Amino acid sequence: MREGACKLLAACSQREQTLEATKSLLVCNSRILSYMGELQRRKEAQVLGKSGRPSDGGRLLAERSPCRGRVCISDLRIPLMWKDTEYFKNKGDLHRWAVFLLLQLGEDIQDTEMILVDRTLTDITFQNHLIFTEAGPDFRLRLELYGACLEEDGALAGAPRRLATKLSSSLGRSSGRRVRASLESAGGSASSPVLLPTPAVGGPRYHLLAHTTLTLAAVQDGFRTHDLTLASHEEHPAWLPLYGSVCCRLVAQPLCMTQPTASGSLRVQQAGERQDWARVHGVLKGTNLLCYRQPEDADAGKEPLFTIAINKDTRVQAGELDQTTGRPFTLSISNRYGEDKVTHTLQAESRGALQSWMEALWQLFFDMSQWKQCCDEIMKIETPAPRKPPQALAKQRSLYHEMAIEPLDDIAAVTDILAQREGVRLETTPPWLAMFADQPALPRPCSPASVAPARTHPPSWGRPRTFSLDAVPPDHSAEAPRLVAPLPPHRSPRSRGLGRKGSPRTWLQSPV
Amino acid sequence: MSYIPGQPVTAVVQRVEIHKLRQGENLILGFSIGGGIDQDPSQNPFSEDKTDKGIYVTRVSEGGPAEIAGLQIGDKIMQVNGWDMTMVTHDQARKRLTKRSEEVVRLLVTRQSLQKAVHQSMLS
């Protein structure tokens, strides 16, 4: 995969492709490193295992390993802190960066999509859901933020070095510094040390900007902010003004919560009646022991007969009890609900069954103690949506250009849009428009502004004009057929417009 | 109802209390307005005086909150919740009616039939 990425990088012509390819290269390199490390560890363990004697002590006292779980991190957001010099005094340069996050848990490395950042963003937001399976409660999730500085098109991309140096000295201080640094580093070696030599690759270089490590303590069914350790400083070519924290939703689902850990047939003592013991099919899942009437009910997903809660405060006791004289293989489960103590007494089928039930319960208690807050309630993990293709690099345009309704600059043209939208209704000329029908050629700016369905000549569009941010397009369509009231004759269209500057030509209508 | 600059305006008004209807994210009243000091008053089909730049009701949607409250097409809105509507731009008028924090708007409206009715009753 790495060779493929290198080849792709060499063949890339467009900038986005180059960035993506470089990112894949970096991810591959890290993966190779981690796999090699893991391989080393396993070899060592194997060698040690062969030489030493495997310990085979009493099962209950042997090391109990907690169950595995799924860890999901989503809604990652890194706030930025732009300096005022980014907006003012920077000669209009737009600094852009390509950033992505690399996450590593154990030997599993995953990356987020690549996001383009410039001063119009206040935060870097990643839409990815990343799920790591096979995580233990002692997991360490390492987050690394990589960024690459992008040059503007045509700036100094292909300029020879001497010219570039001359130019960079005449640019602004900070941008010149960056340019020089990137030129110097472009000829350098690859950014990450690899065991096998990488072919010399050109293109953008990613630098580590910040990192942090998250553990079980950071897991919560909600958003939390964590501190980032910044790895680069201002002189660094790819420095991004990070605020210093990262917000995310980190949840963990231990397997003991989502999958049943034990099941079997049990007899339960009913309340009140000492002698009547009902036969149920019990399933130990999560923090509950669900008792179904029949095994098929559990599979069918029906409601259990009753549920016994098993949590950190539950007490389990095995063996002969006073109430159960004569009945072997019993265990009792007690819970405290406020002041009351509720005890359920269960009988297993055989000693072996009792043993396995106890074992399952002890394992559950151990898992709960290890996974701590994850066992209080099942945290939701959503399946990640398919990855969207990376957003196209949009040329930064001034806010004003984006506001104009291209290529129109006339309220009449806005009505045109409405006319196209509403279709038939606007084609009937309102009766009062007949007043203007026999007008000799009015100069362009004086044409009636409300409805003009028939246009004989294409209008000449001037420069784009901006409209008020909350201007609502006029609701002419509904009105046109209803304006039956004759217009009073004293209205003389000829006199208005030409001489009077600024007199309104519209009579807007807005729905509220 | 003609407006002579410098002279106070008097009109017979009717109170209309409209309870906004929630449609998804928006609160709507169910009518359309036209007019404003930044608009061309000669195009107003409802005004008696074609130099009147006030805010007029140009459309009332059927069964909407405005119709239920008794607003009629052609009404001139004088006040909304105490805010004057006789000397406002079109946009200001729209904003005063569509404040998200207000669920009820109390309008003072005037219409020609009202004026006439009062005159009649005064004469008789």
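Reader: Why is T110(B) called buried?

Author: This is a predicted model, and in it T110(B) has a relative accessible area of 0%.

Reader: Is D227(A) buried or exposed, and how do you know?

Author: The relative accessible area of D227(A) is 63%, and exposed means over 50%, so D227(A) counts as exposed. Its place is in strand β8 of chain A, residues 223-227. Leaving out residues up to four places away in sequence, D227(A) touches T212(A), G244(A) and S245(A). The C-alpha atoms of D227(A) and T212(A) are separated by 7.2 Å, although the two residues stand 15 apart along the chain.

Reader: Why is D123(A) called buried, when its relative accessible area is 17%?

Author: The label requires a value under 20%, and because 17% falls under that cut-off, D123(A) is counted as buried. D123(A) lies in strand β5 of chain A, which runs over residues 123-135.

Reader: Which side chains make polar contacts with the side chain of D123(A)?

Author: One polar contact, of 2.7 Å, joins the side chain of D123(A) to that of R77(A), and another, of 2.8 Å, joins it to the side chain of T122(A). When neighbours within four places in sequence are set aside, D123(A) is in contact with R77(A), I78(A), P79(A) and L80(A).

Reader: What makes a group of residues in this model a nonpolar core?

Author: Its members are buried residues of nonpolar kinds such as Val, Leu, Ile and Phe, joined through side-chain atoms within 4.5 Å. The largest such core has 70 residues, among which I73(A), V99(A), I124(A), F139(A) and L240(A) touch the most other members. Helix α8 of chain A, residues 351-371, gives the most to this core, with 10 residues. The core also draws at least three residues from each of domain 1 (66-151 + 201-254) and domain 2 (259-375) of chain A. A second, separate core of 20 residues includes L29(B), I55(B), V60(B) and A66(B). In soluble globular proteins, nonpolar side chains tend to be buried together.

Reader: Which residues does L240(A) touch?

Author: Not counting residues up to four places away in sequence, L240(A) touches L80(A), W82(A), W97(A), V99(A), V117(A), I124(A) and L209(A).

Reader: How many helices and strands does each chain have?

Author: Chain A comes to 12 helices and 18 strands, and chain B to three helices and eight strands. Of the 512 residues of chain A, 41% count as buried, while for the 124 residues of chain B the share is 44%.

Reader: What scores does the model carry?

Author: The model scores ipTM 0.86 and pTM 0.49. Chain B averages a pLDDT of 88, and 97% of its residues score at least 70.

Key. Residues numbered from 1 in each chain as written. Chains lettered and ligands numbered in written order. Predicted model: local features only at pLDDT ≥ 70, side-chain atom pairs only at ≥ 80, totals over all residues. Heavy atoms only, no water. Buried < 20%, exposed > 50% of the residue type's maximum accessible area, 1.4 Å probe, protein only. Helix = DSSP H or I, 4+ residues; strand = E, 2+ residues; numbered from the N terminus. Domains from an automatic or database assignment. Contact = heavy atoms within 4.5 Å. pLDDT = per-residue confidence, 0-100. Polar contact = N/O pair within 3.5 Å; in protein donor to acceptor, adjacent residues only side chain to side chain.
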